[in-house]
Amino acid sequence: MFGIPKRWEMALLLNTGILIVYCLRVNMSVAAQDMRNELNWSETEKGLVLSAFYWGYALGQIPASRLAAMYGARDLFGLSVLIPSIITLFVPAACRSSFSLALFSRAFLGFIESASFPCVFHFLPTWVPLNEKPLMLSCIVSGMYIVRILL
């Protein structure tokens, strides 16, 4: 692609995927105060909507890792980026529709997105030589830190 080894192309793509899922994770926290005002949520309701993502995220970690081991990490990683991207488009409508739907959509978003990090760790043993693992892993997960700098 860019004249670099395939494993580094993979690392760049994984970094981009991690950057996207991290943006999807934190975008609600950026909009939460305005949504609270618009939807007349209490501070407690706002906190519940923000934390709902992590309910699903925590529940999905172990099953996601098992699925990546059974069926392969490539497709699961792609789905863990694609599906939350699509769901995120509907979160504002879900929040306007009902508070329960807002909680469900955020928890479901977290559940699906929870596969992204376990999938990254399933790529490393087969694609990366042992002496490059520390550098490559830090390059891959740096996508989430790029988001923190931008926000």
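Is Arg-74 buried or exposed?

Reply: Arg-74 counts as exposed, because its relative accessibility is 63%. The cut-offs are under 20% relative accessible area for buried and over 50% for exposed, with partly exposed in between (1.4 Å probe, protein chains only). Asp-75 counts as partly exposed, at 49% relative accessibility. Arg-74 and Asp-75 form a salt bridge, with their closest N and O atoms 3.3 Å apart. A salt bridge here is a side-chain nitrogen of Lys or Arg within 4 Å of a carboxyl oxygen of Asp or Glu.

Before going on, some ground rules. This is a predicted model, in which local features need pLDDT of at least 70 and side-chain atom pairs count only at pLDDT 80 or more, while totals for chains, interfaces and linings use all residues. Residues are numbered from 1 along each chain as its sequence is written, and side-chain values use heavy atoms, with hydrogens and water left out. pLDDT is the predictor's confidence in each residue, from 0 to 100. The protein chain averages 90, and 96% of the residues score at least 70. Confidence is lowest in helix H6 (residues 133–150), at a mean of 79, and highest in helix H4 (residues 99–113), at 96. Helices are DSSP runs of H or I with at least four residues, numbered from the N terminus.

Seven salt bridges are found in the whole structure. One of them joins the side chains of Lys-6 and Glu-9, at 3.7 Å from N to O. Both residues belong to helix H1 (residues 6–39) and sit three residues apart, about one turn of the helix. Lys-6 is exposed at 53% relative accessibility, whereas Glu-9 is buried at 9%.

Another salt bridge links Arg-36 with Glu-43, at 3.3 Å from N to O. Arg-36 is partly exposed, with a relative accessible area of 22%, and Glu-43 is partly exposed as well, at 45%.

The surface also has a nonpolar patch of about 1,100 Å², whose residues include Leu-59, Ile-83, Phe-90 and Phe-108. Such a patch is made of residues with over 30% relative accessible area and no salt bridge, its nonpolar side chains (Val, Leu, Ile, Met, Phe, Trp, Tyr) being joined within 5 Å. Areas come from the Shrake-Rupley method with a 1.4 Å probe. Helix H3 (73–97) gives the most to the patch, with six residues. H3 and H4 each supply at least two. Phe-108 lies in helix H4 and is partly exposed, at 34% relative accessible area.

Conventions
Patch = residues over 30% accessible without salt bridge, like charges linked within 9 Å, V, L, I, M, F, W, Y side chains within 5 Å.
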